[in-house]
Amino acid sequence: MELTSLESQLNSNPYPGRGIIIGLSPDSAYAVCAYFIMGRSVNSRNRIFVRDGEGIRTKAYDPAKLSDPSLVIYAPVRVLGNKTILTNGDQTDTIYELMDQQQTFEQALRTRTFEPDAPNYTPRISGIMHLEHGRFHYAMSILKSNQGRPESCCRYTFAYESPVAGEGHFIHTYKGDGEPLPSFEGEPVRVSISGDIDAFTDCVWSNLNQENKVSLFVRFLETATGKYETRIVNKNK
């Protein structure tokens, strides 16, 4: 797959929905991840990211406007030892709990399927980063309906060992805007990773559609030590 610009992937799509980016900094010093959410409805746009232990949680910005918390309030990021889990739903908890019981990333996701939000049947996207003794690898998953058929779930997992410096992968829920929303297709997109944490955060946030973007989480983990820095950006302030 051709290496593409992260900026072009973001600014060419007005509605990728929710997205996960994982990769390695150009100097190999940092494992890099990002998770963003977007929204078209009042319920989806009425959110912020807040810190929750070593991870984050979504929260209603204005509780009075929260009409249905079922698919919008969850923990997108949790940390289990040397593993960082990122997802677009409450499957974060499923992965955390079952991996804590010695099941694998794929085994945990076998217990879940796409979201029950007909007619979109939004895919569940997930990522996991494993950093230990200076070694870093990661995996991504998507659970999606079979061409909008609610009775059929397609399951794909992509594993990346010995990542390449300055490169990463980007997976998101939708190909673009539409009615119903068209699900992401293919394997995660190979994208360039550049800059320090602040430059990378600005790159992602500034290239997301201004009207639809809601919140962004970015983390840089030192590959040598596992120590990390985090940035959170919320449109609602």
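**Pockets and a sheet in a predicted model**

Visitor: What volume does the second largest pocket have?
Guide: In this predicted model, the second largest pocket is lined by 15 residues, and those closest to its centre are F105, I128, H137, Y138 and A139. The volume of this pocket is about 260 Å³.

Visitor: Which elements each supply at least two residues of the lining of the second largest pocket?
Guide: The lining of this pocket divides into eight nonpolar, four polar and three charged residues. At least two of the lining residues come from each of α4 (105-109), β7 (124-132), β8 (135-146) and β9 (149-160).

Visitor: Which residues are the closest to the centre of the largest pocket?
Guide: The largest pocket holds about 390 Å³ of space, and its lining is made up of six nonpolar, eight polar and six charged residues. Of the 20 residues that line the largest pocket, the closest to its centre are R18, S41, S44, V72 and D117.

Visitor: Which strands stand at the edges of the open sheet of six strands?
Guide: The open sheet has the order β11-β10-β1-β2-β12-β13, and its pairing is antiparallel. One side of each edge strand is left without a neighbour in the sheet, because each has a single partner strand, and these edge strands are β11 (189-192) and β13 (228-234).

Visitor: What angle does the direction of helix α5 make with that of β12?
Guide: Helix α5, which covers residues 197-207, packs on the sheet and touches β1, β2, β12 (213-222) and β13. The direction of helix α5 and that of β12 make an angle of about 155°.

Methods:
Residues are numbered from 1 along each chain as its sequence is written. This is a predicted model: local features need pLDDT of at least 70, side-chain atom pairs count only at pLDDT 80 or more; totals for chains, interfaces and linings use all residues. Side-chain values use heavy atoms; hydrogens and water are left out. On a 1 Å grid over the protein atoms alone, a cavity is a set of points where a 1.4 Å probe fits but cannot get out, and a pocket is an open set with protein on both sides within 12 Å along at least five of seven lines; lining residues have an atom within 4 Å of a point. Grid points are joined across faces, edges and corners, and a volume is the space filled by probe spheres set on the points. Ala, Val, Leu, Ile, Met, Phe, Trp, Tyr, Cys and Pro count as nonpolar, Asp, Glu, Lys and Arg as charged, and the others, Gly among them, as polar. Helices (H or I, at least four residues) and strands (E, at least two) are DSSP runs, numbered from the N terminus. Two strands pair if DSSP finds at least two bridges between them. Contact means heavy atoms within 4.5 Å. Axes are lines fitted to C-alpha atoms, for helices over the stretch in contact, and angles run from 0 to 180 degrees between N-to-C directions.
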